[in-house]
Amino acid sequence: MSNAEQQLHYSTCTLCEAMCGIEVATKGRQILSIKGDKDNPFSQGHICPKASALKDLYDDPDRLKRPVKRVRLDREASASEDSAWEEIGWDEAFDLVASKLHHIQRAHGNNAVGVYLGNPNAHNMGSILFGPYFYRALKSHNRYSATSVDQLPHHIVSRRLFGHISQIPIPDIDHTQHFMIIGGNPLASNGSIMTVPNVKKRLKSIQKRGGKVVVIDPKRSETADISCEHHFIRPGSDALLLLAMLHVLFEKQLHKADEILPYAEDIKAVEKYVRDYSPQKVSEFTGISASQITQLVLDFCNAESAVCYGRMGASVQAFGTLTQYLIMLFNMLTGNLDKRGGMMFTQPAADVLPVSGKGSMGGFTSRVRGLPAFAGEYPVACLAEEILTPGEGQIKAMVIGAGNPVVTTPNAEQLDKAFDELDFMVAVDFYITETSRHADVILPPVTALERDHYDIVFHNFAVRNFAKYSEAVVDIDEDQLTDWQIYLSLAERLDALNGKGTAHYAALWDKQPKGVVDDLLQAGLYGRGANESRDAQPNLNQTSPDIPLEGLSLEMLKAHPHGIDLGPLQPSLPHALFHEDKKIHLDFDYFMADLDRVNTHFFGKAKHATPQNQSVVLIGRRHIKTNNSWLHNSTRMVKGNNRCTLQLHPDDGAKYGIADGDEVSVKSRVGRLTIEAEITDAIMPGVVSIPHGWGHNKKGIKLSVASQNPGVNTNILTDDLQVDELSGNAVLNGVPVELEKVS
Ligand SMILES: Nc1nc2c(c(=O)[nH]1)N[C@H]1C(S)=C(S)[C@@H](COP(=O)(O)OP(=O)(O)OC[C@H]3O[C@@H](n4cnc5c(=O)[nH]c(N)nc54)[C@H](O)[C@@H]3O)O[C@H]1N2
Ligand SMILES: Nc1nc2c(c(=O)[nH]1)N[C@H]1C(S)=C(S)[C@@H](COP(=O)(O)OP(=O)(O)OC[C@H]3O[C@@H](n4cnc5c(=O)[nH]c(N)nc54)[C@H](O)[C@@H]3O)O[C@H]1N2
Ligand code: SF4
Ligand SMILES: [Mo]
């Protein structure tokens with residue numbers, strides 16, 4: 001190794017959705033440094049502090065490189081708390097897992113095996129493209145993922161309106177003159193459902209060109225700090241704000257629906273649904289004055305182009321689906337859907353949408369609580385009860401792929417206990433986490449820089465058309481595997497045990513995920529089949545004579561290691577619509593039915609949301625150096641002041657006798673925790689905030705750095721029974737809590 005040459009590699013950071021290009025210096029198998037790739041046309045050298053965590057993950061002595069099997073030391077103690085781990089070979093591990101799962105399915109039915117897939121899968125082309133072979137081989141309906149603590153409402157809105165769960169329009173941030181952000185904090189998150197490296201610069205550019213950035217958030221966030229205007233909003237009341245904004249559009253005759261009308265003939269019928277929601281009526285519930293609400297609409301309509309965008313704070317709350325729907329209606333009715341500077345669809349190079357399912361809506365409901373399934377998944381808020389409630393279809397075993405639901409999903413303590421009841425768990429993860437410590441077998445894949453990468457998901461949500469492929473930057477041992485190899489091995493074994501043919505797997509081993517990417521690139525808009533593909537999109541061809549490239553292939557991307565810019569987003573209606581009639585289906589009956597729930601919640605007899613009698617509500621927050629639950633084992637990501645604090649307004653501090661630095665007991669319907677108070681006027685009175693992803697104090701985890709600075713798990717407080725009823729999405733923002741100073 002000592003005589004190895006230093007080498008530079010151009011790769012992509014996969015930690016968040018921004019897809020920043022990185023320049024990685026290596027010497028043999030040592031990673032020396034990670035810098036921004038200045039020649040990446042999309043991210044132009046930008047990275048955030050997290051990029052170096054890729055090296056820390058790679059070097060982490062705590063991470064697993066070989067499969068491990070749990071050996072229970074004390075049969076009486078709970079399995080997760082008293083075990084040792086024994087390294088085993090891959091073949092033994094695969095055989096063990098496949099036979100255990102098969103055995104449980106034979107005894108209790110296919111649905112006895114549950115699957116939970118976490119967020120990092122979305123950043124991993126191998127899991128995205130080849131994981132499904134394994135889930136299909138399992139033939140279980142009991143599937144769950146982080147989608148239902150996150151963007152599920154976006155998928156439902158897109159499926160119903162545009163005909164495909166993943167056909168989600170993206171803010172055209174680089175051309176807009178007015179950007180309204182509802183419940184997103186891209187300065188900390190680096191953007192979400194908006195792949196946007198260096199978002200700070202792009203937001204500032206809006207203001208430099210005379211435009212405006214407006215933030216609606218119960219917290220004066222980092223994003224609010226650099227915007228032109230910020231309004232505090234009472235958590236969970238965004239649907240009311242949007243209803244009133246739509247009301248103003250009609251009342252003042254400001255709507256501009258002409259261009260969208262051919263695709264959505266009934267759009268003006270929105271008026272009758274919003275008639276009752278004047279700004280005066282919603283003002284006290286939202287905390288935004290009637291005149292401010294009217295002004296928000298006037299400013300939006302007066303701008304040359306404008307876009308309204310809502311993220312976590314708008315989605316993961318009691319009215320998340322309705323809120324995302326109203327946001328889309330507002331963009332449409334102001335003439336900003338599919339328009340430059342508005343909400344636009346990307347034209348990705350490797351487009352999986354036409355070859356993937358459009359996403360089933362409803363159809364199944366969960367066994368215990370009857371929550372709806374979307375795209376073949378139940379909401380994770382009902383996972384624990386499906387394990388704990390006996391009867392046919394009860395979950396007896398779990399497969400966890402790149403997820404940590406014991407930290408990240410509501411009523412986390414209940415799920416932690418439920419996992420202890422399982423007969424078997426397998427986790428595909430390189431850490432022994434709060435969740436994988438429950439496993440009987442852990443199958444560790446390599447980390448991001450050790451595998452090749454094409455961003456199957458986030459290229460499709462990018463604010464600019466772009467394509468980039470990167471090879472692994474370091475070699476791996478012969479007995480290290482990537483996620484897709486793990487999933488394919490399990491699928492093959494399971495099919496064999498089920499007496500099914502496995503001959504077709506040979507071709508998949510040969511093709512690999514990168515072969516699928518190559519096929520998609522070549523068949524796509526910029527590929528060898530470009531002409532055909534463009535003919536199928538006549539509107540695109542006509543409006544954008546400047547589609548810059550054809551002949552794109554994996555080989556071409558390999559020859560351009562910084563990535564290839566494919567130009568700005570292009571108007572693409574009606575092509576972007578997946579409904580056969582090429583129309584937007586507004587589905588009022590489905591979405592507007594939720595207005596009954598809105599009316600009962602806000603205007604019902606109990607009137608529990610008025611400023612006078614409302615309880616304190618809990619929201620979350622992100623920090624630039626975190627990534628959900630799994631970067632806290634990197635010393636440089638966690639050093640410095642305690643970040644896992646309860647933020648509260650000085651008025652609430654005075655009301656409850658809580659001073660900065662005090663220990664506070666926070667209690668909800670489902671749990672209680674103790675946390676340090678941080679008094680700040682950046683948060684709205686009546687609202688408190690705790691970041692998620694912490695609470696690394698469970699016995700049995702192997703995260704030596706994280707355990708020293710564990711923080712508390714906010715999802716001990718969030719309530720599995722509180723969901724957005726349309727979607728079953730968890731309510732992680734706007735959770736009623738009680739505060740008490742710990743003396
Ligand atoms: N209260 C509250 N809770 C929240 C949120 C919130 O805002 N507030 N946010 C929610 C959101 S948006 C999300 S997306 C979820 C995330 O929830 P999860 O997806 O359940 O959790 P992560 O923390 O992302 O855990 C990812 C796990 O995958 C492992 N991992 C990382 N990379 C790979 C890989 O390439 N392959 C494999 N096999 N494993 C890998 C890590 O070691 C880690 O254990 O959390 C949700 N929870
Ligand atoms: N550094 C970092 N980056 C990340 C992640 C991370 O953990 N750390 N996670 C990644 C993931 S998985 C995701 S999904 C994205 C999420 O990306 P964002 O959606 O940008 O996430 P947050 O930073 O949670 O921003 C949510 C905002 O909503 C506000 N909010 C809370 N409740 C309400 C409400 O009821 N109404 C309104 N209007 N606002 C509300 C909060 O105060 C907060 O400012 O971030 C990704 N990027
Ligand atoms: S912004 Fe996201 S993609 Fe870019 S360096 Fe940071 S974590 Fe990585
Ligand atoms: Mo997320």
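## Strand pairing

Two strands count as paired if DSSP finds at least two bridges between them. In this predicted model, strand 4 (residues 68-72) meets that criterion with strand 5 (residues 83-87), because 5 bridges link the two in the antiparallel sense. Within this pairing, K69 has E86 of strand 5 as its bridge partner.

Strand 4 also pairs with strand 18 (residues 441-443); these two strands run antiparallel and are joined by 2 bridges. Here V68 is bridged to I442 of strand 18.

## Surroundings of ligand 1

Ligand 1 is surrounded by 30 residues, and the closest are Y116, N119, D429, D483 and S629. By residue class, the shell comprises 13 nonpolar, 12 polar and 5 charged residues.

Ligand 1 lies between domain 2 (68-75 + 87-151 + 357-448 + 480-497) and domain 4 (600-741), because both domains give residues to the shell around it.

For N715, an N or O atom of the side chain is 2.9 Å from a nitrogen atom of ligand 1. For H692, the distance from a side-chain N or O atom to a nitrogen atom of ligand 1 is 3.4 Å. An oxygen atom of ligand 1 lies 3.3 Å from a polar side-chain atom of N124.

On its own, ligand 1 has 930 Å² of accessible area, of which the protein covers 97%.

Methods:
Residues numbered from 1 in each chain as written. Chains lettered and ligands numbered in written order. Predicted model: local features only at pLDDT ≥ 70, side-chain atom pairs only at ≥ 80, totals over all residues. Heavy atoms only, no water. Near = heavy atom within 4 Å. Polar contact = N/O pair within 3.5 Å; in protein donor to acceptor, adjacent residues only side chain to side chain. Areas by Shrake-Rupley, 256 points an atom, 1.4 Å probe, with all protein chains shown as cover. Nonpolar A, V, L, I, M, F, W, Y, C, P; charged D, E, K, R; others polar. Domains from an automatic or database assignment. Helix = DSSP H or I, 4+ residues; strand = E, 2+ residues; numbered from the N terminus.
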